[in-house]
Amino acid sequence: MTYLTKPKLHHPELPKNKLGFTRRDYEGTVSTLCAGCGHDSITGAIIQACFELDIAPHRVAKLSGIGCSSKTPTYFLGQSHGFNTVHGRMPSVLTGANAANRDLIYLGVSGDGDSASIGLGQFAHVMRRGVNMTYIVENNGVYGLTKGQFSATADRGSKSKRGALNADESIDLALLALQLGATYVARSFSGDKAQLVPLIKGALTHPGAAFIDVLSPCVAFNNHEGSTKSYDYVREHNEAVNALDVITMHREITTQYDAGTVQEVKQHDGSVLRLRKIDAGYDASNRITAMNFVQERYARGEIATGLLYLNAHPRDLHDSLNTVATPLNQLNERELCPGNAALEKFNTLLR
Amino acid sequence: MKKIESVNDFVIKFANVNGSGSASANTLFAKSIMRMGVPISPRNIFPSNIQGLPTWYEVRVCEEGWLGRRGGCDLMVAMNPQTWEPDVAEIEPGGYLFYDSTRPMPQSKFRDDIHVLGMPLTEITNNAYSDPRQRQLFKNIIYVGALSALLEIDVPEIEKLIAEQYKGKEKLLEPNIKALHMGRDYALANLPCPLGIRVRRADRVGKKVFLEGNSAAALGCVYGGATFAAWYPITPSSSMAEAFAKHCRKFRTDPETSKNRFAIVQAEDELSSIGMVIGAAWNGSRAFTCTSGPGISLMSEFIGLAYFAEIPAVVFNVQRAGPSTGMPTRTQQADVLSCAYASHGDTKHVLLFPEDPKECFEHAAVSFDLADRLQTPVFVLLDLDIGMNERLCEPLKWDDSRHYDRGKVRSYQDLEAGARFGRYLDVDGDGITYRTYPGTHPKRGSFFTRGTSRDRYARYTEDGKAYVDNMQRLLRKFETAKDLVPKPERFDARKPSRFGVIYYGSTSPAMREALADLEAASVEIDALRIRSFPFHEEVIEWVNRHEHVFLVEQNRDGQLRTLLIAEGNVDPNKVTPVLHYDGTPITARFIRGEIAQRLGAFNVTPIKKTAATGGGE
């Protein structure tokens with residue numbers, strides 16, 4: 001058995017959010033990943049983000065593909081419906097789920113093997129369709145479950161645990177997401193919870209396709225010298241462009257920043273994304289400059305992190321499909337079936 | 001010279017060039033005969049290309065109402081010089097050839113045993129029209145006009161049809177009527193009108209409707225409550241998705257907000273289509289995709305997931321000739337096995353075999369009930385012949401007292417009331433477990449869906465006992481399905497017979513005609529039309545009751561026969577395959593010939609010999 005439940009005992013004084021849930025109510029089963037795995041930190045960040053946003057866990061649908069990262073949805077939001085689909089094809093399942101019930105919050109968790117190789121096509125199309133979701137790639141540049149092969153996000157020239165050099169160019173999923181039309185694109189590091197949690201919160205409140213590329217070192221197969229996805233390498237080359245605060249519509253705004261370095265973006269539900277610019281020249285509202293910035297930094301061996309791009313008023317899939325406000329899975333027979341009288345009329349047109 | 005003489009019983013074939021705009025003129029011709037109360041069964045025979053290559057439209061006119069393809073051709077409208085020789089060769093002796101005589105042709109291009117009707121169509125259209133596109137389009141209407149005189153088709157019927165076609169575009173109405181009469185007048189003045197074959201008003205169509213199987217299936221999806229469709233274009237299924245969109249716009253737009261009570265996504269590929277369907281169905285929508293053979297191959301991994309994770313998904317497979325790309329615009333019933341066992345590991349899927357557009361409608365609607373009830377993929381197997389050809393059938397009907405069977409779903413109230421919930425607990429012993437839709441209850445009823453093995457509470461496990469328990473339950477569920485799927489249809493011979501014939505799907509019209517012919521020749525044979533898989537108990541009993549059974553299908557390997565042997569455990573020696581798989585729709589002529597020949601081997605001599613027992617095509 002590889003399924004381990006967590007004890008349900010809660011400390012009576014654990015802080016509760018507005019819904020009366022403690023942070024532990026957002027947990028899942030015990031992780032079976034390696035000790036120190038970056039993915040577990042991301043799990044922790046998701047738990048914290050959902051707790052802080054007062055999200056009812058059962059209103060989240062969590063979906064994943066196949067791989068280490070895709071195992072993680074069992075480790076958070078135990079009261080949510082989860083779906084571990086097939087390798088690389090989580091985006092299509094999520095798209096269908098979203099089409100059926102627009103009222104839930106969709107969280108897709110994937111890995112670099114899952115999204116950048118077999119799933120690259122579905123990754124591209126879920127972004128261009130503007131499916132309202134948070135899509136997190138837990139990116140370690142390596143295939144952990146099959147013991148250490150390079151993935152498509154491994155940098156050219158980086159070294160495997162066995163010492164082999166990667167000869168292929170890497171795929172930058174954040175850049176791709178920018179190009180493909182995602183309306184919220186961020187990059188972060190699993191070891192930087194202070195940056196990651198607000199980015200996840202921002203993505204969860206974003207009413208469109210939100211993508212976060214999270215560099216998440218693999219302690220077993222990609223945390224050595226020569227790897228560009230190791231803890232040490234990412235810490236040394238991480239360059240944050242901004243920091244984010246998410247202020248939900250029902251929460252008083254308390255955080256203050258110096259004028260001129262803060263950009264506030266109000267979203268359709270009233271939530272405010274407050275961006276503190278660390279790189280004063282960075283403009284997160286411009287897709288093209290964001291792409292250029294990321295590429296320039298990459299050429300210099302740096303990893304740009306933070307909220308790279310935001311369109312606060314995106315069109316989502318339902319806007320494109322012009323669907324009714326009622327979730328499709330809640331329409332009743334009267335609303336769906338035209339009945340025999342309409343059929344008889346239709347018959348007359350066929351003679 | 002012999003002259004084919006026949007009223008309301010002949011085959012006319014139009015040989016055209018793809019993209020020349022002949023399709024609407026040819027349909028106009030066929031429908032005008034139908035409006036005269038004479039049953040028709042037209043078929044598009046077209047190559048896999050966009051423009052410029054040959055295309056044919058074959059119309060069987062048959063007062064008796066047989067709708068299968070007859071074979072042969074009594075009148076060829078030869079409008080494509082590229083296919084002249086085979087087209088001319090196809091005409092029955094004593095038949096007729098209608099052609100464009102603008103350019104003189106050597107006598108050697110004709111046959112002595114057919115009647116030739118030349119009309120300078122190009123010259124007439126060039127004189128009447130200067131615009132090249134008009135010349136091309138009106139030439140088609142002009143030959144329809146000429147045919148109306150040659151076959152004595154009622155002109156007002158054609159005019160009414162043109163008026164219906166151009167309703168709202170009145171500017172186009174008059175030129176079309178003019179072209180029609182131009183052709184008609186020429187024929188009356190210059191050609192031997194009427195021909196030996198002709199049409200007389202009859203009352204044999206009645207309330208029947210005329211539509212494509214794909215369109216009917218799409219409408220069945222609307223009536224069946226499908227709210228989500230994802231698809232990827234592939235011949236011959238694309239028109240089903242397009243028809244669903246059209247029907248939805250008509251029937252499913254909220255009158256107050258103009259918003260859609262449906263969602264249709266043209267996916268990036270077949271993998272994504274079925275993935276979206278699975279996601280939507282997991283979340284409580286009735287969802288489907290439509291595809292053809294290669295699409296099933298691509299979808300197979302996901303289909304296995306839906307089977308194992310027990311998610312309803314409806315898949316329409318409008319079959320074409322395989323394997324691989326095969327003949328993409330030709331018909332076959334060659335995906336029976338690939339659908340029955342789609343995906344790796346031990347899987348079995350529910351299949352439905354509609355016989356005509358009416359049943360395409362009904363099976364489409366019922367497929368969603370079955371998928372929800374059984375929480376499993378359900379395949380509706382059409383084929384190109386039934387999907388992309390308009391066919392006469394009984395009017396579509398809907399019982400307004402009918403309610404959707406959403407299967408075993410635990411609601412908020414159920415969970416709140418403390419209903420026992422384990423996603424894969426077989427509470428009722430029928431192999432079907434209860435599910436919940438995501439977002440139902442804050443504290444109860446959530447579960448994790450996965451393609452890996454799990455216990456009865458949806459928890460991942462590699463415990464062999466739990467795996468076997470689950471796989472056995474899936475078998476139990478498949479047993480339950482036998483009583484839920486559409487039952488077979490039985491046609492008993494007038495006298496008890498040792499012999500039986502099984503058929504399914506679009507083979508029906510040809511089969512029924514063949515049976516009538518055999519009966520007329522005093523060959524007594526029982527028939528059984530299989531409408532679904534898993535096989536109803538009655539199917540196996542029926543086979544076992546007969547000394548010998550023929551199984552008629554349109555594929556090389558006798559795929560349904562294989563399924564019958566593998567799943568029904570019937571004696572292979574008992575079931576003789578009768579197979580037709582050249583890509584054209586099977587004919588009664590072929591079936592009766594094959595059966596008569598094989599009966600000969602069983603020492604069955606018809607009481608009276610007729611042409612019906614004479615042999616195959």
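The model is predicted, so I took local features only at pLDDT of at least 70 and side-chain atom pairs only at pLDDT 80 or more, while totals for chains, interfaces and linings use all residues. Residues are numbered from 1 along each chain as its sequence is written, chains are lettered from A and ligands numbered from 1 in the order in which they are written, and side-chain values use heavy atoms, without hydrogens or water.

**Entry 1, H1(A).** Helices (H or I, at least four residues) and strands (E, at least two) are DSSP runs, numbered from the N terminus. H1(A) covers residues 38-52 and spans 21 Å from first C-alpha to last, close to the 21 Å expected at 1.5 Å a residue (1.5 Å times one less than the number of residues). I noted the buried residues, among them A:Gly38, A:His39, A:Ile42, A:Ile46 and A:Phe51. The elements covering them, by contact (heavy atoms within 4.5 Å), include helix H7 (193-205), strand S3 (105-111) and strand S4 (133-139) of chain A. After the helix comes A:Asp54, with a positive phi near 55°.

I looked up the nonpolar cores, which are sets of buried Ala, Val, Leu, Ile, Met, Phe, Trp, Tyr and Cys residues joined through side-chain atoms within 4.5 Å. The largest has 189 residues, and A:Tyr184, B:Phe288 and B:Phe316 touch the most other members. Helix H12 of chain B (residues 357-374) gives this core its largest share, eight residues. A second, separate core holds 55 residues, including B:Ile12 and B:Tyr166. In soluble globular proteins, nonpolar side chains tend to be buried together.

I found 29 aromatic pairs over all chains; rings of Phe, Tyr and Trp (its six-membered ring) pair if their centres lie within 6.5 Å, with planes under 30 degrees apart stacked, over 60 edge-to-face and the rest tilted. The centres of B:Phe244 and B:Phe288 are 4.8 Å apart and their planes are at 85°, so I logged the pair as edge-to-face. B:Phe244 is buried at 0%, and B:Phe288 is buried at 1%. B:Phe288 also pairs edge-to-face with B:Phe316, at 5.5 Å centre to centre and 80° between planes. B:Phe316 is in strand S13 (residues 313-319) of chain B, 28 residues from B:Phe288, and is buried at 0% relative accessibility. One aromatic cluster is formed by A:Phe346, B:Tyr223, B:Phe251, B:Phe361 and B:Trp398.

The test is NZ of Lys or CZ of Arg within 6 Å of the ring centre and within 35 degrees of the ring normal. B:Arg410 sits over B:Tyr434, 3.7 Å from the ring centre, and B:Arg454 lies over B:Tyr424 at 4.6 Å.

I placed B:Leu67 in the loop between strand S4 (54-62) and strand S5 (73-78) of chain B. B:Leu67 is buried at 13%. Its C-alpha is 9.0 Å from that of B:Ser508, 441 residues away along the chain. Leaving aside neighbours within four places in sequence, its contacts include B:Ile40, B:Arg391 and B:Pro509.

Note on methods
Buried < 20%, exposed > 50% of the residue type's maximum accessible area, 1.4 Å probe, protein only.
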